[in-house]
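Here is a note on the structure shown below, written for someone who has not looked at it before. The points are numbered and can be read in order.

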Amino acid sequence: MEIKAIVSDIYTTLIDIKTDEDEKAVYRTLASYMKYQGVYLSPEELKWFFFEKKALQKKRSKEEYPEVDYRRVWYEILQENQYSGQDINRSTIVADMLKLHRSLTVEKIKLYEGVYETLDSLKRRYKLGIVS
């Protein structure tokens, strides 16, 4: 069998990342931003919703090691808490929340040693893909 392509995950495979989603300041900042979007939740309520949505996704998954769809988490939080901005499906609010949350929770992010060189070498012989 000939190998034609190589597919890899990003986090903890190519990128060394450490996050802290439990930090109170994260939800204080997010709750403050969400007020401008017509969503009035305390930092504690927002944190509860966030972890509850994550837990529900994992519980409902049939996978042994389920991934969390963070876009879905923020979509549901906004939708269920009177988001009053533009049409949520055509707005950038979900993507904005996703990026803001990630930027506030990342403590470390860098390529593992040798990743760039390895990918550079592999791309000469194979099609490369990312699955996350």
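Is lysine 123 buried or exposed? Lysine 123 is exposed, with a relative accessible area of 53%; exposed stands for over 50%, buried for under 20% and partly exposed for what lies in between (1.4 Å probe, protein chains only).

1. Basis. This is a predicted model, in which local features need pLDDT of at least 70 and side-chain atom pairs count only at pLDDT 80 or more, while totals for chains, interfaces and linings use all residues. Residues are numbered from 1 along each chain as its sequence is written, and side-chain values use heavy atoms, with hydrogens and water left out.

2. Elements. The protein has 5 helices and 4 strands. Read from the N terminus, their order is β-β-α-α-α-α-β-α-β. Both kinds of element are DSSP runs numbered from the N terminus, with helices being H or I of at least four residues and strands E of at least two.

3. Overall form. The radius of gyration of the protein is 18 Å, whereas a compact globule of 132 residues would have one near 14 Å. That radius is taken over C-alpha atoms, and the globule rule is 2.2 Å times the number of residues to the power 0.38. Along the principal axes, the C-alpha trace spans about 55 × 30 × 30 Å.

4. Of the 132 residues, 30% are buried. The protein exposes about 9500 Å², and carbon and sulfur atoms supply 51% of that area (Shrake-Rupley method with a 1.4 Å probe; for residues, only the protein chains shown count as cover). Among contacts between residues at least 6 apart in sequence, 70% join residues at least 24 apart; a contact means heavy atoms within 4.5 Å.

5. Charges. The protein carries 23 positive and 22 negative charges, and their mean positions are 3 Å apart. Lys and Arg count as positive and Asp and Glu as negative, with His and the chain ends not counted. Each charge is placed at NZ of Lys, CZ of Arg, CG of Asp or CD of Glu.

6. Salt bridges. Side chains of opposite charge can pair when their charged atoms come close. A salt bridge here is a side-chain nitrogen of Lys or Arg within 4 Å of a carboxyl oxygen of Asp or Glu, and the count comes to 9. One of them joins lysine 108 and aspartate 16, with the closest N and O atoms 2.9 Å apart. This pair links distant parts of the chain, 92 residues apart: lysine 108 is in strand β3 (residues 106–111) and aspartate 16 in strand β2 (residues 15–19). Lysine 108 is partly exposed at 35% relative accessibility, while aspartate 16 is buried at 15%.

7. Aspartate 120 forms a salt bridge with lysine 123 (3.5 Å, N to O) and another with arginine 124, at 3.0 Å between the closest N and O atoms. Aspartate 120 is partly exposed at 24%, and arginine 124 is exposed at 65%. Elsewhere, salt bridges link Lys53, Arg72, Glu76 and Glu80 in a network.

8. Backbone angles to check. Most residues other than glycine have a negative phi. Threonine 12 has a positive phi, near 65 degrees, and lies in the loop between β1 (5–8) and β2. Glutamine 82, also not a glycine, has a positive phi of about 60 degrees and sits in the loop between α3 (70–80) and α4 (93–105). Threonine 12 is exposed at 57%, and glutamine 82 is exposed at 59%.
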